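Hello, and welcome to this structure. Here are some notes to read with the model open beside you.

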Amino acid sequence: MASDKRKWYVVWQGTEPGICDSWAECELRVKGYPGARYKAFGSQEEAVEAFRNDPGEMDILRAIARAPREFVNYEAIPGIVRDSIAVDGACSGNPGVMEYRGVDVPTGVELFHQGPFPDATNNIGEFLAIVHALALFHNQGNDHTAIYSDSKTAQAWVRAAKCRTKLARTDANVRLFEIIARAERWLATHTWRNMILKWNTSEWGEIPADFGRK
């Protein structure tokens, strides 16, 4: 009988190096790729660590193309916590089509990506991204990895355990409001020790999870 245990896949050499949460996505990146190199892991944490420790990591990092940006060695910048992820949201219009994601700061590996959500706002995306990261770490038993966000508004909403958006509900964003309600319930019923930090854009540049649409 096939195992129901979820697996994560690290692609070191393929059309898009990084971490996949399904074999279907991994296969798309490695099938037919000359010299493809990949491996399955039992948890996302193991996969991230394996990607970080690969001997050819620097070349791989430069090849990551989901959000094109010049590679930055954040570990060499004073003040940035190495054991950290960065989260960000992007919205085309206000309201408009929104998505959000979380990225491992040292490697640039995308850890989660949600959306698109119609009739949404950027602040909602920033809020959901922080909560998504907190819930992910809670499920992993990880209480030490810091979360960077460049949104003061989203951080304030998380502290209040309330998404204080003035966005109107529409037929198109019913699912979004269900996700918001779930995030608020999670915040109201859980505690966490992970630091939520403000990304210092003026000194460090755009946050690593930035979608590059400015």
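Is Gly 18 buried or exposed, judged by its relative accessibility?

1. Gly 18 counts as buried, at 5% relative accessibility; buried means under 20% relative accessible area, exposed over 50%, and partly exposed in between, with a 1.4 Å probe and protein chains only. You will find Gly 18 in strand β2 (residues 18–20). Leaving aside neighbours within four places in sequence, Gly 18 is in contact with Tyr 9, Val 10, Val 11, Arg 29 and Phe 51, where contact means heavy atoms within 4.5 Å.

2. A word on the ground rules. This is a predicted model, in which local features need pLDDT of at least 70 and side-chain atom pairs count only at pLDDT 80 or more, while totals for chains, interfaces and linings use all residues. Residues are numbered from 1 along each chain as its sequence is written, and side-chain values use heavy atoms, with hydrogens and water left out.

3. Now the overall picture. The protein chain has seven helices and eight strands; helices (H or I, at least four residues) and strands (E, at least two) are DSSP runs, numbered from the N terminus. Of the 214 residues in the protein chain, 45% are buried. Taking contacts between residues at least 6 apart in sequence, 65% join residues at least 24 apart.

4. Please look next at helix α4 (residues 122–140) and helix α6 (residues 174–189). Their axes come within 10 Å and cross at roughly 50°; the axes are lines fitted to C-alpha atoms, for helices over the stretch in contact, and angles run from 0 to 180 degrees between N-to-C directions. The two helices, α4 and α6, are therefore oblique to each other: angles under 35 degrees count as roughly parallel, over 145 as roughly antiparallel, 65 to 115 as roughly perpendicular and the rest as oblique. The crossing of α4 and α6 is left-handed, a term used if the near helix is turned anticlockwise from the far one by less than a right angle, with right-handed used if clockwise. Among the residues making the contact are Phe 127, Leu 128 and Val 131 of α4 and Ile 179, Ala 183 and Trp 186 of α6. By class, this contact of α4 with α6 has 12 nonpolar, one polar and one charged residues. Here Ala, Val, Leu, Ile, Met, Phe, Trp, Tyr, Cys and Pro count as nonpolar, Asp, Glu, Lys and Arg as charged, and the others, Gly among them, as polar.

5. How does α4 cross α5, and at roughly what angle? The axes of α4 and α5 come within 8 Å and cross at roughly 55°, which makes α4 oblique to α5. The crossing of α4 and α5 is right-handed. Residues that meet here include Ile 130 and Leu 134 in α4, and Gln 155 and Trp 157 in α5. The contact of α4 with α5 divides into eight nonpolar, three polar and one charged residues.

6. Gln 155 is buried, with a relative accessible area of 9%. Not counting residues up to four places away in sequence, Gln 155 touches Ile 130, Ser 149, Ile 196, Leu 197 and Lys 198.

7. Asn 142 sits in the loop between α4 and β7 (146–149) and is buried, with a relative accessible area of 6%. Its side chain makes a polar contact with the side chain of Thr 145 (2.8 Å). A polar contact is a pair of N or O atoms within 3.5 Å; within protein, one must be able to donate a hydrogen and the other to accept it, and residues adjacent in sequence count only if both atoms are side-chain atoms. Beyond neighbours within four places in sequence, Asn 142 is in contact with Glu 45, Phe 137 and Asn 194.

8. Finally, some backbone details to check. Most residues other than glycine have a negative phi, and most peptide bonds are trans. The peptide bond from Asn 94 to Pro 95 is cis, with omega near 0°, and a cis peptide bond also joins Gly 115 and Pro 116, with omega about 10°. Asp 119, found in strand β6, has a positive phi near 50°. Ala 161 has a positive phi of about 55° and counts as partly exposed, at 24% relative accessibility.
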